[in-house]
Amino acid sequence: MEPHLGSITRDLINHAMTYQAYRELIDKLLAENKTTGHNHSEAYLDYTRMNVQRMNRWDKTAKVSETMREVVEAITEDQIWLVITEAWCGDAAQNIPYIIKLAELNPHIQVRLILRDEHPEVMDEYLTQGTRSIPKVIGMTADLTCELFTWGPRPASAHEQVMEYKRDSKGLSYKEFSETLHLWYARNKNQELESELLPLIQSTVIQ
């Protein structure tokens, strides 16, 4: 029997998307007035269009610190970073481009993306407080015998904002709250994301 990590099999990895393929899929769906998943409402189409703009911006502007660069470049064994995502997810759009920037620093890292709603069996193995929150990143050895780290769905400060809003919206509409959250992302410039990923990735470096 081939090695696997729960529901993450070699076949799943082989059929998962590259970041480029993911972006091309989103563009193709938007041209058909669709997005990923099952909800093709105007609201979800608007979220997806906004996320394309966010990813375009981070693709151009995301910066990796010298410390993080050194850690990523020190990886000498092949790794797979599997990302669970959806096109309409704002947190995914804010965080995935930086993760891609890291992977581009080292040919030993292969990033593959899958859609949450197409792979519930994988998603349900990586729940956050019982919810299917995305994005979720699972780092693993290339032979699928060892899970190296997991991260997601958002940096701790952003996550606390979301949890606080769910506990008490203080009269804010979801749209108003979302604008506040994405302003936080814009100002933070991936710094908290990097600080959380740094020790996780460092732990995978063979000394």
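**Note on salt bridges and a kinked helix**

1. Glu 73 and Arg 69 are 4 residues apart in helix 4 (residues 66-73), so about one helical turn separates them. Helices here are DSSP runs (H or I, at least four residues), numbered from the N terminus. The two side chains meet in a salt bridge, 3.8 Å from N to O. A salt bridge here is a side-chain nitrogen of Lys or Arg within 4 Å of a carboxyl oxygen of Asp or Glu.

2. This is a predicted model, in which local features need pLDDT of at least 70 and side-chain atom pairs count only at pLDDT 80 or more, while totals for chains, interfaces and linings use all residues. Residues are numbered from 1 along each chain as its sequence is written, and side-chain values use heavy atoms, with hydrogens and water left out.

3. Arg 49 forms a salt bridge with Asp 46, with the closest N and O atoms 2.9 Å apart. Arg 49 is partly exposed at 31% relative accessibility, and Asp 46 is partly exposed at 40%. Buried means under 20% relative accessible area, exposed over 50%, and partly exposed in between (1.4 Å probe, protein chains only).

4. The structure holds 12 salt bridges. Lys 28, Glu 32 and Lys 34 are linked in a network of them.

5. Helix 5 (residues 90-103) is mostly covered, with 13 of its 14 residues buried. A kink of about 30° lies at Ile 96, shortly before the proline Pro 97. The bend at a residue is the angle between axes fitted to the seven residues ending there and the seven starting there.

Key:
Helices (H or I, at least four residues) and strands (E, at least two) are DSSP runs, numbered from the N terminus.
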